[in-house]
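This briefing walks through one protein model, topic by topic. Please keep the sequence and the structure in view while reading.

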Amino acid sequence: MRELEARLLVDCQNLLGECVLWNPVDQRVYWTDVYGQKLYSCDPEGQSLVVRELPDKLGSFAFDLDGNLLAAFATGLYRHELASGRSERLTSF
């Protein structure tokens with residue numbers, strides 16, 4: 001059996017860090033701080049950290065083919081463009 005070793009990439013001290021995903025479009029790791037209402041990303045070595053302020057709590061997300069988010073915010077499901085920060089509501093809860 002192969003042993004894996006975990007290492008801390010970014011000491012961001014999230015309130016509730018969730019949904020760690022790799023985005024193949026921009027080759028970055030993404031995760032959300034649900035209670036902090038932020039979206040984080042970094043390169044595979046934990047460098048080039050980008051922190052985006054979000055309009056609401058983001059509980060979960062996936063990437064579309066363009067690398068943008070299908071985002072489950074507390075207020076509903078949105079398509080969220082990373083470059084512009086614009087969101088389009090797809091449905092509400």
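**Pairing in the sheet, cores and cysteines**

Lysine 38 has glutamate 53, in strand E4, as its bridge partner. That pairing belongs to a predicted model, in which E3 and E4 run antiparallel and are joined by 4 bridges. The points below move from the confidence of the prediction to the sheet, then to the nonpolar cores and the cysteines.

**Confidence**

- The mean pLDDT of the protein is 91, and 98% of the residues reach a score of at least 70.
- Among the elements, strand E3 (residues 38-42) carries the highest mean pLDDT, at 97, whereas strand E8 (residues 87-91) carries the lowest, at 88.

**The four-stranded sheet**

- The strands follow the order E1-E2-E3-E4 in an open sheet of 4 strands, and their pairing is antiparallel.
- At the edges of this sheet are E1 and strand E4 (50-53), each of which pairs on one side only.
- On average, and with direction ignored, neighbouring strands of this sheet are turned by 20 degrees against each other.
- Strand E1 (residues 17-23) is joined to E2 by 5 bridges in the antiparallel sense, and within E2 it is threonine 32 that stands opposite glutamate 18.
- The hairpin of E1 and E2 has 4 residues between the strands, and glutamine 27 adopts a positive phi near 60 degrees there.
- E2 and E3 likewise run antiparallel, with 5 bridges between them, and cysteine 42 in E3 stands opposite valine 29.
- The hairpin of E2 and E3 also has 4 residues between the strands, and in it glutamine 37 has a positive phi near 55 degrees.

**The setting of strand E2**

- Strand E2 (residues 28-33) has 6 of its 6 residues buried, and it is therefore largely enclosed by the rest of the structure.
- Arg28, Tyr30 and Thr32 point one way from E2, while Val29, Trp31 and Asp33 point the other way, and all of them are buried.

**Nonpolar cores**

- The largest nonpolar core has 11 residues in all, namely Cys19, Tyr30, Leu39, Leu54, Leu58, Phe61, Leu69, Ala71, Phe73, Tyr78 and Leu82.
- At least two residues of this core come from each of strand E5 (58-63) and strand E6 (69-73), and E6 gives the most, with 3 residues.
- Alanine 71, a member of this core, is in contact with Leu58, Ser60, Phe61, Gly76, Leu77, Tyr78 and His80 when its neighbours within four places in sequence are left aside.
- Another core, of 5 residues, lies apart from the largest one, and among its members are Val29, Trp31, Tyr40 and Cys42.

**Cysteines**

- A search of the whole structure returns 0 disulfides.
- Cysteine 19 is in no disulfide, and the nearest cysteine sulfur, which belongs to cysteine 12, is 14 Å away.

Note on methods: Residues are numbered from 1 along each chain as its sequence is written. This is a predicted model: local features need pLDDT of at least 70, side-chain atom pairs count only at pLDDT 80 or more; totals for chains, interfaces and linings use all residues. Side-chain values use heavy atoms; hydrogens and water are left out. A disulfide is a pair of cysteine sulfur atoms within 2.5 Å. pLDDT is the predictor's confidence in each residue, from 0 to 100. A nonpolar core is a set of buried Ala, Val, Leu, Ile, Met, Phe, Trp, Tyr and Cys residues joined through side-chain atoms within 4.5 Å. Buried means under 20% relative accessible area, exposed over 50%, partly exposed in between (1.4 Å probe, protein chains only). Contact means heavy atoms within 4.5 Å. Two strands pair if DSSP finds at least two bridges between them. Axes are lines fitted to C-alpha atoms, for helices over the stretch in contact, and angles run from 0 to 180 degrees between N-to-C directions.
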